[in-house]
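These are my notebook entries on one protein structure. I set down what I looked up, in the order in which I looked.

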Amino acid sequence: MPAIHLLSIDRTLTQRLSAAMGERITVDMVQSLDAIGLEGPGIIVIDHAAVPAERSLASAIATVAAAAAGRAIVLATDDMNAGQVLAAVRAGATDVIPRGGEGAEIAGILSRLLNNALATQGLPGRLTIVLGADCEAAAILATDIAVSHSLNQTPTLLIDCTLPSSTAEAYLDLKADYGIASAVADLDRLDTSLLADALVRHEASGLALLTLDGGTASEPVGLSPNDIVGLIQLLRACYDNVVLCAGSLRNAGLLRELASQAYAIEIVCSQSIRELDAARRLLDRIVLDTASAGRLRLLVWDHDSGILLDGRRMADALGIEAVLPVPTDRVRMRNALNAGRPLAMQRNNGPYTQAIQRICGIAVSRKSLMPRFDSMRRMLQRSVERTG
């Protein structure tokens with residue numbers, strides 16, 4: 001959580017800033033930056049009234065800027081004339097707020113700067129992108145990946161960009177009415193507290209869900225690729241793990257920019273020459289850089305060893321080194337989707353669940369192996385008894 005470091009001795013001003021931020025942001029009143037350790041994202045507010053009369057404001061701001069380690073500096077002052085504001089900005093202040101301003105007036109400025117600090121100074125969470133010509137298969141796989149991370153005690157957010165409505169929403173049996181357009185509109189004040197209230201949450205796993213349509217079953221309008229990139233950067237600062245199902249997103253520049261920031265890029269493709277060609281055309285359109293291409297992995301959806309078009313041939317055709325088969329039981333998969341019960345939540349550690357755990361880098365549970373060993377042990381014991 002980002003913090004506000006207030007250089008002041010005025011407790012009333014401290015309380016005013018805390019009230020303006022809704023008590024959700026820590027306002028730490030200090031007399032010097034040397035006395036504190038600047039760790040984590042945050043901004044610094046200079047109380048103009050605390051600057052000694054014999055010292056120039058420009059000098060005070062410059063001194064703080066030198067010790068601020070790149071953090072934004074805000075001047076709280078009673079003198080809001082244009083000359084004073086310009087002088088403060090020239091000296092190194094990012095913005096100026098009225099010292100006695102109302103809550104909404106100063107909260108807008110501070111929230112914007114805090115979110116920028118969160119996105120640029122905070123340690124970004126792991127971003128996994130799931131792509132595929134079959135949007136439903138990609139969304140199901142992305143959902144089970146996100147659920148597995150969340151069950152592994154990792155705060156996780158799933159962003160499903162499937163249209164005309166979210167497949168993940170149905171698979172999790174949730175109703176999401178907060179979408180990407182709403183989040184972009186709230187960008188200046190978005191933080192973990194607001195997200196906890198706004199995003200729908202899967203109670204059984206703790207997974208948070210954000211959809212592209214926001215429950216409208218239509219594509220949001222007025223959003224630019226930069227809006228989405230900026231939003232995801234901020235969301236990565238709020239969650240340890242962000243799984244993005246690209247779904248219906250097809251803007252090559254947007255996908256290329258997101259791929260450059262991703263920890264892993266999963267390409268979902270079944271053993272079909274037509275779907276393989278669609279995946280190849282998708283990758284050709286994005287034109288990934290060398291570093292991003294090195295993070296690609298082919299996930300062979302509904303893998304069947306009897307199909308001659310095997311995973312290695314598919315990966316070679318796509319120019320991908322890493323490949324992992326994902327076997328599915330179509331009946332179980334369809335029942336799970338219809339019932340809103342993700343397979344990653346179910347106890348039976350079948351081949352599909354084990355593949356999901358390998359994708360996530362989670363150790364495969366050995367409990368599913370015990371019944372086979374117990375059965376073999378009983379057979380051996382009965383054999384020994386008969387022999388004796």
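**Entry 1: Strand β3 and its partners**

I began with two strands: β3 and β4 (residues 73-77) pair in the parallel sense over 4 bridges. Helices (H or I, at least four residues) and strands (E, at least two) are DSSP runs, numbered from the N terminus, and two strands pair if DSSP finds at least two bridges between them. The model is a predicted one, in which local features need pLDDT of at least 70 and side-chain atom pairs count only at pLDDT 80 or more, while totals for chains, interfaces and linings use all residues. Residues are numbered from 1 along each chain as its sequence is written, and side-chain values use heavy atoms, with hydrogens and water left out.

Within this pair, I found aspartate 47 opposite alanine 76 in β4. Strand β1 (residues 3-7) also pairs with β3 in the parallel sense, over 5 bridges; here leucine 7 stands opposite isoleucine 46 of β3. I noted that β3, helix α2 (residues 57-67) and β4 form a right-handed β-α-β unit. Right-handed means that, with the strands pointing away from the viewer, the path from the first strand over the helix to the second runs clockwise.

I then asked: is strand β3 buried or exposed? Of its 6 residues (42-47), 6 are buried, so β3 is largely enclosed by the rest of the structure. Buried means under 20% relative accessible area, exposed over 50%, and partly exposed in between (1.4 Å probe, protein chains only). On one side I recorded Gly42, Ile44 and Ile46, and on the other Ile43, Val45 and Asp47.

**Entry 2: The open sheet**

I traced an open sheet of 8 strands with mixed pairing, in the order β8-β9-β7-β10-β6-β11-β12-β13. Its edge strands, β8 (200-202) and β13 (322-326), each pair on one side only. Strands β11 (residues 264-270) and β12 (residues 296-301) run parallel and are joined by 6 bridges. Cysteine 269 stands opposite valine 300 in β12.

Helix α10 (residues 252-261) packs on this sheet and touches β6 (126-132), β10 (241-245) and β11; contact means heavy atoms within 4.5 Å. The direction of α10 makes about 140° with that of β6. Axes are lines fitted to C-alpha atoms, for helices over the stretch in contact, and angles run from 0 to 180 degrees between N-to-C directions.

**Entry 3: Confidence**

The protein chain averages a pLDDT (the predictor's confidence in each residue, from 0 to 100) of 86. I noted that 90% of the residues score at least 70.
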